[in-house]
Amino acid sequence: MLGFQASQRLRPLWLSTHLRSHNSRHVTRNCCFTGVRRKLHACVVGSGPAGFYTVQHLLKNNKEIRVDLYERLPVPFGLVRFGVAPDHPDVKNVINSFTQTAHSERFTFCGNVMVGRDVMVSDLQEAYDAVVLSYGAEDDQLLRIPGEQLPGVYSARAIVGWYNGLPENKDLMPDLNVETAVVLGQGNVALDLARILLTPVDLLRKTDITGAALDAIAESKIKRIFVVGRRGPLQVAFTIKELREMVNLQGVRTVLNPSDFEGIERVLLENIPRPRRRLTELLLKSTPQGSAGCVGHREWGLLFHRSPVQILPTADGERVGGIHFQLNKLEASGDTMKAVPTGNSEDMPCGLVLRSIGYRSLPLDPDVPFDKRRGVIPNNRGRVEGRAGLYCSGWVKRGPQGVIATTMNDSFETGEAVLEDISNRSASPQAGFESIRPKLASRGVQVVSFGDWTRIDRVEQERGLKLDKPREKILDVQEMLTHASG
Amino acid sequence: MISLGQATFQSWPPKPEAGCASSIVKHPSLAHLIYPPTRLSSFSSGLVPLPHILLNLTPWKRMPSISLKSRELKMRWVNICLLNRDGKPLWMSGRVGETLLNVVMNANGPVEGYGACEGTLACTTCHVYLPTEAYERMCQPTEDELDMLDLAVGLAETSRLGCQVVLKPWMDGMRVQVPKHTADLRGLADDGKMEG
């Protein structure tokens, strides 16, 4: 009896919400038909965190606007899928919130469409009230030193793409049949690489790392990885969470040279910001005098004050044999410390070199202004300079740095700019994707909708289930498209 | 059944007092007078999450619990005032033992992008500033929380992650602020940059 009462009580509540959302839907539609309110239409290029956060902000803060999201690949989420390390599944939870956004009826996902090739930015500007570019930073910085082209030198980006299943990197197959690897650069990507290559393979097995990468890492002979920076311990760019993971990595010893840390304790007494202080304290704890760190047969270490000058070949000249470093000392230059050569140098043998000195954005379309030096689209709080109706967010806006919360705030800022401008503009109604679709059809582009993606998603998860991992990613674009069309 | 508290409910959620200078604001909390602190119009404004209503407005659930443990129940709900990024105060209520993140999520996500990692200590999107008194009264943040907080934009003395703030009876009426950080994005340029 009580149960019955309860369900009677509950039903109207549920129904009322349901009906309410239905009603509001009708109201919007009527407005459009009668032309009382103009239908606003925006599009975002790139479906990584910046793209999705921009969409989220637009949809949430303007109840009229429709947003279409263009993505080069058939699968969404950009670096959340292809950049976040497989052993950081929690960071990927943000996909749930993005998926919720994508289920809005005012949202359309247009996957497998490459802006700049299949459709130009000028076409988009004709079809939309606002175009937001958030296509990220797909290129990586080069060292520009002799020997960089030798086999055995890889970009961090490519390796990350390889173990995360980025289609363009699926055939990379780096040769891990070496004992010593060197990562150039001391950012979080550098530590991600070192960690993935040194993590016991049984732990990786439970992640969404690609099967091919898992096999290669299981066969890996890598015994030690050095992460090298041109400046000192107080200038490292990685963050404490990633460092702690390295220090606590099972079966891996942390090797730090105590002489690098001379005088650091004195600096800690000064008033330095808490993040830097805690990071440095953990570094100190991990030196041989410190207490932190694991024992193991494999090791990793940080090397400081070294700039690579040349990548040295093996005796037969066929692949990487080592690196020639110039040693640096630090000199104050304004607010920062600059590395200047001491005149000394050092050779270090190694079989694998991973350069991780930053990503950079590429120009998308000759039509869009681009600052080649900074590798960003010149903009003012997200408004592309000199181009009304064109915006940017994420790494292409402010450069490849920061955590997901940074990108979130940055995308909200751009979203705000779009909404501010869009309400002030009085243009004729824009057709949006409907006017782009024929162009794509004539080029034979198979557009992947969000529903199509969920089909790909299901296939990946089913494959993962058999292997006891969250998903087994599909690496081939053609195969993705086959599953997309059901 | 609903009419039981309508007159009293009209003043709920309590209006914030003018001027937010004092950190813990004493306001006439009605949460302990009538349980649960909800009414239909607040439901439609999205302030009170659906699950609360389902759980607690149902007579068969509410009646016995009040009569059995009224003293304990007094403190089971707390009201929190969240100053959103736009500076607007939002009153929301949560159960003791719930995290602040949960309370915000249950309120239909009035704070955009809040809790991206869903409370797994893997992001900083649920970053809030607590009143000093509350910060000091709470248990110290764990090392893992501090590690994440160190990445937070606009880190301050009383910064905490919402997913680690567990509601206590004494938090009733507490004002927490969501950092508005779009302004200082540019100063961040050097923080996450990779150094070669």
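## Exercises on chain A

A:Asp476 caps the N-terminal end of H17(A), with a side-chain oxygen 3.2 Å from the backbone nitrogen of A:Gln478. Keep in mind that this is a predicted model.

**Exercise 1.** Work out which residues of helix H17 are buried and why they line one face of the helix.

*Solution.* 
- Step 1: get the helix in view. H17 of chain A covers residues 477–484.
- Step 2: pick out the buried positions. Here they are A:Met480, A:Leu481 and A:Ala484.
- Step 3: look down the axis of H17(A). The buried residues fall within an arc of 95 degrees, so they line one face of the helix.
- Step 4: see what sits over them. The cover for the buried residues of H17(A) includes helix H3 (78–82) and helix H16 (450–467) of chain A.
- Step 5: check what comes after the helix. A:Gly486 follows H17(A), and its phi is positive, near 85 degrees.

**Exercise 2.** Take A:Trp395 and decide: buried or exposed? Then find what A:Trp395 touches.

*Solution.* 
- Step 1: start with the record. An unreviewed UniProt entry lists a "binding site" whose residues include A:Leu79, A:Trp395, A:Gly402 and A:Val403.
- Step 2: A:Trp395 belongs to helix H13 (residues 395–398) of chain A.
- Step 3: apply the cut-off. Buried means under 20% relative accessible area; A:Trp395 has 17% relative accessibility, so it counts as buried.
- Step 4: go through the contacts, leaving out residues up to four places away in sequence. Among those touched by A:Trp395 are A:Leu79, A:Tyr359, A:Val376 and A:Pro400. A:Leu79 is also on the UniProt list from Step 1.

**Exercise 3.** Compare A:Val403 and A:Gly402: where does each lie, and how accessible is each?

*Solution.* 
- Step 1: locate them. A:Val403 is in the loop between H13 and helix H14 (404–424) of chain A, and A:Gly402 is in the loop between H13 and H14 too.
- Step 2: read off the accessibility. A:Val403 has a relative accessible area of 25%, so it is partly exposed. A:Gly402, at 31%, counts as partly exposed as well.

**Exercise 4.** Find where A:Glu242 sits and which residues it touches.

*Solution.* 
- Step 1: back to the record. UniProt (unreviewed entry) has another "binding site" feature that includes A:Asn188, A:Arg230, A:Glu242 and A:Gly402.
- Step 2: A:Glu242 is part of helix H10 (residues 240–247) of chain A.
- Step 3: judge its burial. With 11% relative accessibility, A:Glu242 counts as buried.
- Step 4: collect its contacts, again skipping residues up to four places away in sequence. A:Glu242 touches A:His88, A:Asn188, A:Leu191, A:Asp192 and A:Arg195.

Note on methods: Residues numbered from 1 in each chain as written. Chains lettered and ligands numbered in written order. Predicted model: local features only at pLDDT ≥ 70, side-chain atom pairs only at ≥ 80, totals over all residues. Heavy atoms only, no water. UniProt positions renumbered as here; feature names shortened; annotations may be inferred. Helix = DSSP H or I, 4+ residues; strand = E, 2+ residues; numbered from the N terminus. Buried < 20%, exposed > 50% of the residue type's maximum accessible area, 1.4 Å probe, protein only. Contact = heavy atoms within 4.5 Å. Arc of directions from axis to C-beta. Polar contact = N/O pair within 3.5 Å; in protein donor to acceptor, adjacent residues only side chain to side chain.
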